[in-house]
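This report walks through a structure for a reader meeting it for the first time. Please look at the sequence and the model below before reading on.

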Amino acid sequence: MTQSSKNKKDGKLKSLLTDLTIRRGVASIVIFVLLWEVGFRFHEWFGVMVPFIGKIDAPSLVVMRWSEVIYKPGYWESWYLSFGRVFFGFMVAQLVGIPFGLLMAVNKYFRGMFFPPFEILRPIPPLAWVPASIIFWPTTELSIMFVTFLGAFYTIVINVLGGARSIDIQYLRAAQSMGATQWDLFRKIILPGTLPSIFIGAAVGMGITWEVVLAAEMISGGGQQSGGGLGFFIWSSYMGGVMDQVIVGMISIGLAGYISSSLIRYVGHLSMPWKRMF
Amino acid sequence: MSNQSVRGRPPSGLNYFLYKSGKALKTPMPYLAFIGIGIWLFSYFLLSEYWKIFPFYKVPGPVEVVTEWLNKNPIWGTSLFTEDYYINIWVSCRRIFIAFAIATGLGVPLGLFMGWSKKFKDYTFPVLETLRPIPILAWVPLAIVMFAGFETPIIYLATLASFFVTALNTMLGVESIDESYFRAAGCLGSKKHHVFLNVVVPGALPFIFTGLQISIGVAWFSLVAAEMISGDYGLGYMIMDSYMVNKYTTMVMAMLTLGFVGWITSAMVRAAGNRMMQWRERALGQGGV
Amino acid sequence: MSATAVAATGNGAARKGAISIRNVTKIYDPGGADVLALDDCSLEIAPGEVCMIVGPSGCGKTTLLNAIAGFHSITEGQIDLDGEMLCGPGNELATQGADRVVVFQNGALFPWKTLADNVAYGPIVQGLMNKAEARDKAVTLLAEAGLGGVADKYPGEVSSGMARRAEIVRALINDPKVLLLDEPYRAMDALTKSIMHESLLEVYDRTKVTIFFITHDLEEAIFLGDRVVVMTTRPARTKKIVDVKISRPRDYRLLSSEEFRVLVQETKEAVHEEAVKAFEAGERELA
């Protein structure tokens with residue numbers, strides 16, 4: 001067992017490196033970066049401007065700018081601020097949304113009453129709420145949080161509802177026939193049964209939350225005191241005409257979003273040992 | 001070979017609609033909905049207009065908004081009867097239409113190929129997945145630099161958002177098709193293009209339409225944001241602009257209109273999907289899938 | 001009429017649908033754990049024979065069918081069809097083709113096509129008929145199978161029994177050499193099953209196509225088959241072959257006859273032994 005399993009592990013790493021899929025993926029990204037670089041340099045080398053893409057600062061410039069920016073505390077402060085807003089808004093959305101969704105799923109009267117207003121408000125994009133939110137809440141920070149909350153809230157409720165209602169009624173009946181109380185049913189069947197949907201809703205909601213935080217930072221934090229955050233970083237870089245820094249910001253946000261989603265998936269993985277979800 | 005029921009054929013069309021409505025009205029559902037919406041509107045009204053509680057009084061209440069909306073000579077300049085209301089709606093809708101059309105036209109074929117050919121997916125998926133996490137709005141500055149004018153960057157942003165969603169869902173749709181269908185097609189003597197047209201495309205259709213509904217929502221989301229940041233005309237612009245000049249009633253009107261229009265476009269996509277997937281409709285009608 | 005008799009009285013045309021399975025081994029590798037599905041399995045099937053394969057769930061019967069159909073490759077050994085190699089050394093994966101059509105366990109009629117369009121599919125994509133001709137022939141064949149009234153319905157709208165029969169029509173319109181059936185009636189109740197059996201027998205009597213039929217229902221196996229091949233639990237090998245020397249055409253009255261009971265008993269002893277072994281091994285069934 002031991003010797004052959006060790007060989008298997010070495011074999012796995014080697015096979016990972018020679019795996020066709022991975023090699024192709026790496027090749028495609030390399031080609032993409034090269035085309036991008038060439039597209040930008042085209043103007044310098046040949047005097048002809050490649051339409052659209054030719055204006056985007058080359059990867060080489062972006063990398064150089066990034067290596068400068070990492071040393072500036074302002075950059076990391078943006079990360080911290082954005083992450084904070086995302087985390088806070090997201091958490092509140094989960095804390096309010098999950099119970100709300102579950103309540104709607106289990107109690108049909110509650111659902112009958114509260115789902116319609118929910119559905120009526122849902123098509124209004126969260127960002128459309130920004131001005132109203134600014135009017136309503138005393139501070140800018142709170143107004144951003146509110147809009148962030150809205151974005152994730154809709155998603156999580158819909159997912160929880162769908163997930164809870166799709167639990168096979170047989171499970172509930174089986175439990176009842178073994179003497180479960182209403183509370184038991186909720187805790188031992190409905191809650192775990194809805195967990196996969198909760199995590200899917202959370203992962204999707206996370207993406208939306210980032211979009212909203214970014215937009216809110218760009219729209220409202222643009223010139224104000226409580227600005228800051230990666231959105232503000234991008235916007236002010238743009239205002240200052242430092243386009244390669246804009247791209248640094250873009251990639252940073254992409255990374256941040258990816259890290260958050262991965263975190264959620266990881267937590268989901270841990271809390272649902274019975275399912276290999278993602 | 002008779003599948004006739006004892007009392008004749010089941011109702012269809014208008015009769016079916018009336019039958020279902022009749023049944024629905026006997027349940028508590030519609031009344032609860034009425035109560036729920038009523039509670040919401042009423043509390044909104046009480047808090048903002050009647051009792052004028054902080055901070056609710058800063059926001060225009062439902063009565064105020066509706067009266068303005070129906071006013072032939074609106075105080076703040078925009079209502080159901082003014083021209084610019086419709087111009088704004090039209091501009092936003094036109095942009096959505098273009099963005100959605102391009103995104104679907106590019107995204108569906110790409111998704112189909114990615115789902116069908118592992119080789120193709122290996123080469124295209126990594127690049128897509130690297131770009132996808134970047135929030136659409138982060139592209140705003142780049143879009144402004146790349147494209148001239150106002151219109152193109154706005155449409156570009158909505159298209160981008162919609163494209164990612166459509167491509168991904170289409171790909172998942174193809175990957176969700178039961179292996180048996182591919183095998184059945186194979187052992188009936190199909191060539192590759194037969195499999196593509198007869199298995200891949202129809203098989204992925206349910207996922208494609210779910211994706212399209214999500215993608216039109218995402219397109220609206222991005223469009224509104226783009227209009228708010230750098231626009232002229234459009235519902236997003238209308239919201240931002242009326243906020244800037246303190247025309248709050250108009251602002252709320254724009255928000256609600258936006259919600260309504262967004263809902264209609266989503267419903268249209270859903271209806272189109274149902275039309276194209278007749279086989280599902282009929283199977284569901286029989287009580288099973 | 002036994003298998004050999006069928007072969008001897010075959011019409012002057014070339015032997016149609018003789019399958020030769022020789023020393024076939026199949027090793028799966030799901031996630032690094034080698035699974036031996038088939039171990040040195042050999043079987044000769046005569047043209048026009050109804051060959052029933054029985055054995056405990058997950059023993060590898062489907063793997064054999066998949067190899068013949070061209071869905072999976074084999075690791076060792078060779079499979080021939082009418083003397084020509086389907087798969088073997090140097091070419092471990094047979095090409096899929098309309099000479100060996102499969103009827104699937106959970107039904108694989110295209111849900112987005114009507115029954116008639118499903119049946120017409122084969123001839124159209126093979127370029128043998130144009131759309132109109134194929135549709136006409138499809139409707140005719142469906143009517144012969146008792147499905148004339150539902151030819152324009154979607155699979156989701158008809159009962160599973162009708163759908164399964166339609167799937168068989170879809171296979172047979174292509175005049176295949178071999179009809180491969182993978183527990184097609186598994187999910188049906190006994191009453192529907194008996195109708196399916198009669199329908200299949202009627203079809204067989206007309207076309208005399210070679211049938212390779214996997215099932216776990218012993219009575220079904222003996223009722224339908226010329227020979228019943230009992231497979232061992234994983235890894236699968238041929239354990240025992242029971243000849244069913246009952247003349248055709250057969251009908252349901254056969255089920256209560258003495259010779260039928262004797263055959264069932266004989267087969268049951270062999271299968272039960274393997275079923276117990278499989279149960280004790282407790283492994284999850286192979287796909």
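## Confidence in chain A

Chain A averages a pLDDT of 80, and 89% of the residues score at least 70. pLDDT is the predictor's confidence in each residue, from 0 to 100. Over residues 1-7 of chain A the pLDDT is below 50. Beyond near neighbours in sequence, this stretch has zero contacts in the model. A contact here means two residues whose C-beta atoms, placed from the backbone, lie within 7 Å.

This is a predicted model: local features need pLDDT of at least 70, side-chain atom pairs count only at pLDDT 80 or more, and totals for chains, interfaces and linings use all residues. Residues are numbered from 1 along each chain as its sequence is written, while chains are lettered from A and ligands numbered from 1 in the order in which they are written.

## The make-up of chain A

Chain A has 11 helices and zero strands. Helices (H or I, at least four residues) and strands (E, at least two) are DSSP runs, numbered from the N terminus.

Of the 278 residues of chain A, 38% count as buried. A residue is buried if 20 or more other C-beta atoms lie within 10 Å of its own, exposed if 12 or fewer, and partly exposed in between; C-beta atoms are placed from the backbone. Take the contacts in chain A between residues at least 6 apart in sequence: 66% join residues at least 24 apart.

## Two domains in chain C

The assignment for chain C gives domain 1 (3-99 + 176-243 + 273-281) and domain 2 (103-174). Such bounds come from an automatic or database domain assignment. The C-alpha centres of the two domains of chain C lie 24 Å apart.

Where they meet, 19 residues of domain 1 of chain C are in contact with 14 residues of domain 2 of chain C. On the domain 1 side, β7 (178-182) and α6 (190-207) of chain C are the elements that give two or more residues. α6(C) gives the most, with seven residues.

## The sheet in chain C

Chain C holds an open sheet of six strands, in the order β6-β7-β8-β3-β9-β10, with mixed pairing. Two strands pair if DSSP finds at least two bridges between them. The edge strands are β6 (100-103) and β10 (238-243) of chain C, each pairing on one side only.

β6(C) and β7(C) pair in the parallel sense over four bridges. C:R100 stands opposite C:V178 in β7(C).
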